[in-house]
Amino acid sequence: MPQFYFHVRQRTILFEDTRGGEFKDVLAAWEWALSDARSMMQRGEVSEPADQCWLEICDATGAGVATLPFLRAMSLN
């Protein structure tokens with residue numbers, strides 16, 4: 001299965017995910033990122049306002065494949 005990494009960006013600070021996870025495709029990685037972003041907000045792990053934070057989903061080569069703004073994670077069902 002493909003490996004994906006979920007880097008958290010808070011304004012100009014990047015917190016790199018060095019472990020990543022295996023997911024069947026980008027959609028599965030996106031769904032996990034959505035759940036993780038919501039969990040991080042609920043636990044108070046995001047120090048910046050939600051409109052200034054996002055998850056950058058990257059593949060095993062380091063290429064960005066999707067970006068999930070935390071503000072959007074709050075509004076999606």
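I shall begin with the chain as a whole, continue with its helices and strands, and end with several individual residues.

Please bear in mind throughout that this is a predicted model. The protein chain contains two helices and five strands, and along the sequence they follow the pattern β-β-β-α-β-β-α. The radius of gyration is 12 Å, close to the 11 Å that the globule rule gives for 77 residues, so the chain is as compact as a globular protein of that length. Along its principal axes, the C-alpha trace spans about 35 × 30 × 20 Å.

Of the 77 residues, 35% count as buried. The chain exposes about 4800 Å², and carbon and sulfur atoms supply 51% of that area. Among the contacts with a separation of 6 or more, 52% are made by residues 24 or more positions apart.

I now turn to helix H1, which covers residues 26-42. Just after H1, Gly44 adopts a positive phi of about 75°.

Which residues of H1 are buried? They are Ala28, Ala29, Trp30, Ala33, Leu34, Asp36, Ala37 and Met40. The elements covering them include strand E1, strand E4 (53-59), strand E5 (64-69) and helix H2 (70-75).

Trp30 deserves a separate word. This residue of helix H1 has a relative accessible area of 17%, and therefore counts as buried. Leaving aside neighbours within four places in sequence, Trp30 is in contact with Ile57, Ala66, Thr67, Leu68, Arg72 and Leu76. Trp30 and Phe6 are 24 residues apart in sequence, and their C-alpha atoms are 9.5 Å apart in space.

Let us move to strand E1, residues 3-10, where Gln10 lies. Is Gln10 buried or exposed? Its relative accessibility is 7%, so Gln10 counts as buried. Not counting residues up to four places away in sequence, Gln10 touches Phe15, Glu45, Val46, Ser47, Glu48, Gln52 and Cys53.

Next comes Arg11, in the loop between E1 and strand E2 (13-15). Arg11 has a relative accessibility of 47% and therefore counts as partly exposed. Its phi is near 55°, a positive value in a residue other than glycine.

Finally, I come to the cysteines. How many disulfides does the structure hold? The number is zero. For Cys53, the closest cysteine sulfur is in Cys58, and it lies 16 Å away, which is too far for a bond. Cys53 is buried, with a relative accessible area of 1%. Cys58 also counts as buried, at 7% relative accessibility.

To close, I return to two points. The buried residues of helix H1, Trp30 among them, are covered by elements that include E1, E4, E5 and H2. The sulfur atoms of Cys53 and Cys58 are too far apart for a bond, and the structure holds zero disulfides.

Conventions: Residues numbered from 1 in each chain as written. Predicted model: local features only at pLDDT ≥ 70, side-chain atom pairs only at ≥ 80, totals over all residues. Heavy atoms only, no water. Helix = DSSP H or I, 4+ residues; strand = E, 2+ residues; numbered from the N terminus. Buried < 20%, exposed > 50% of the residue type's maximum accessible area, 1.4 Å probe, protein only. Contact = heavy atoms within 4.5 Å. Expected span 1.5 Å × (residues − 1). Rg over C-alpha atoms; globule rule 2.2 N^0.38 Å. Areas by Shrake-Rupley, 256 points an atom, 1.4 Å probe, with all protein chains shown as cover. Disulfide = S-S within 2.5 Å.
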